[in-house]
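Keep the structure open while reading.

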Amino acid sequence: MKLKDYQQGRADGLALAKKIVQAGGLEELEKELTIRNITGIQINGRVSQLEASEAAERVRELVMATVLTMTLEVLMDEFDFGKIRLRRFAERFDKKTDCMCGGFVNWKDMTEDVEQKTGIKINIDLNAVNGKILLPKTNQENAKTHRKQKEKKNKE
């Protein structure tokens with residue numbers, strides 16, 4: 001990191017702190033710092049936690065709308081769902097989404113329910129390490145890892 005970038009980051013952070021204190025007082029700044037330390041999320045110094053949270057909520061809404069649109073299109077095209085069944089599906093989808101967002105269920109609950117009822121296993125790994133989402137490895141990646149482990153053993 002260049003010194004210039006570091007200095008700009010500090011200046012941005014101080015400007016954001018000033019903005020937060022002016023809007024809500026020192027208590028609001030303390031809340032902001034607590035939230036950042038609890039979540040471990042690194043946010044660009046130019047936006048507050050509230051602004052980032054609002055942006056994340058908008059992204060969630062857009063993701064759910066696009067997933068619903070794709071699903072409705074497939075149900076309509078491939079399975080001949082009409083207006084009534086599509087509406088029923090969309091309403092149920094919305095209720096399930098509300099249950100998820102309300103904390104009544106989580107992805108693990110839902111994937112286990114699908115597997116128990118249908119035998120279809122959905123692998124969603126939401127464990128974050130260093131801010132990254134770990135996705136399940138493909139068969140190729142598993143084979144490559146296995147080869148590397150085998151080569152390492154052979155060298156020893």
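How many disulfides does the count come to? The count is zero. Cys99 is in no disulfide, and its nearest cysteine sulfur, that of Cys101, is 9.6 Å away. The model is a predicted one.

The cut-off used here is a pair of cysteine sulfur atoms within 2.5 Å. The sulfur of Cys101 has its closest cysteine sulfur in Cys99, at 9.6 Å, so the gap is too far for a bond.

Cys99 is partly exposed, at 32% relative accessible area. Cys101 counts as exposed, at 58%. The table sets these beside two other residues.

| Residue | Relative accessible area | Class |
|---|---|---|
| Cys99 | 32% | partly exposed |
| Cys101 | 58% | exposed |
| Asp80 | 63% | exposed |
| Leu86 | 13% | buried |

Now the charged surface. Which residues gather in a patch of negative charge? They are Glu73, Asp77, Glu78 and Asp80. Asp80 sits in the loop between helix H2 (49–79) and helix H3 (83–101). With a relative accessible area of 63%, Asp80 is exposed.

Is Leu86 buried or exposed? Leu86 is buried, because its relative accessible area of 13% falls under the 20% cut-off. Leu86 belongs to helix H3.

Conventions: Residues are numbered from 1 along each chain as its sequence is written. This is a predicted model: local features need pLDDT of at least 70, side-chain atom pairs count only at pLDDT 80 or more; totals for chains, interfaces and linings use all residues. Side-chain values use heavy atoms; hydrogens and water are left out. Patches are made of residues with over 30% relative accessible area and no salt bridge: like charges are joined within 9 Å, nonpolar side chains (Val, Leu, Ile, Met, Phe, Trp, Tyr) within 5 Å. Accessible areas come from the Shrake-Rupley method with a 1.4 Å probe; for residues, only the protein chains shown count as cover. A salt bridge is a side-chain nitrogen of Lys or Arg within 4 Å of a carboxyl oxygen of Asp or Glu. Lys and Arg count as positive and Asp and Glu as negative; His and the chain ends are not counted. The place of a charge is taken as NZ of Lys, CZ of Arg, CG of Asp or CD of Glu. Helices (H or I, at least four residues) and strands (E, at least two) are DSSP runs, numbered from the N terminus. Buried means under 20% relative accessible area, exposed over 50%, partly exposed in between (1.4 Å probe, protein chains only).
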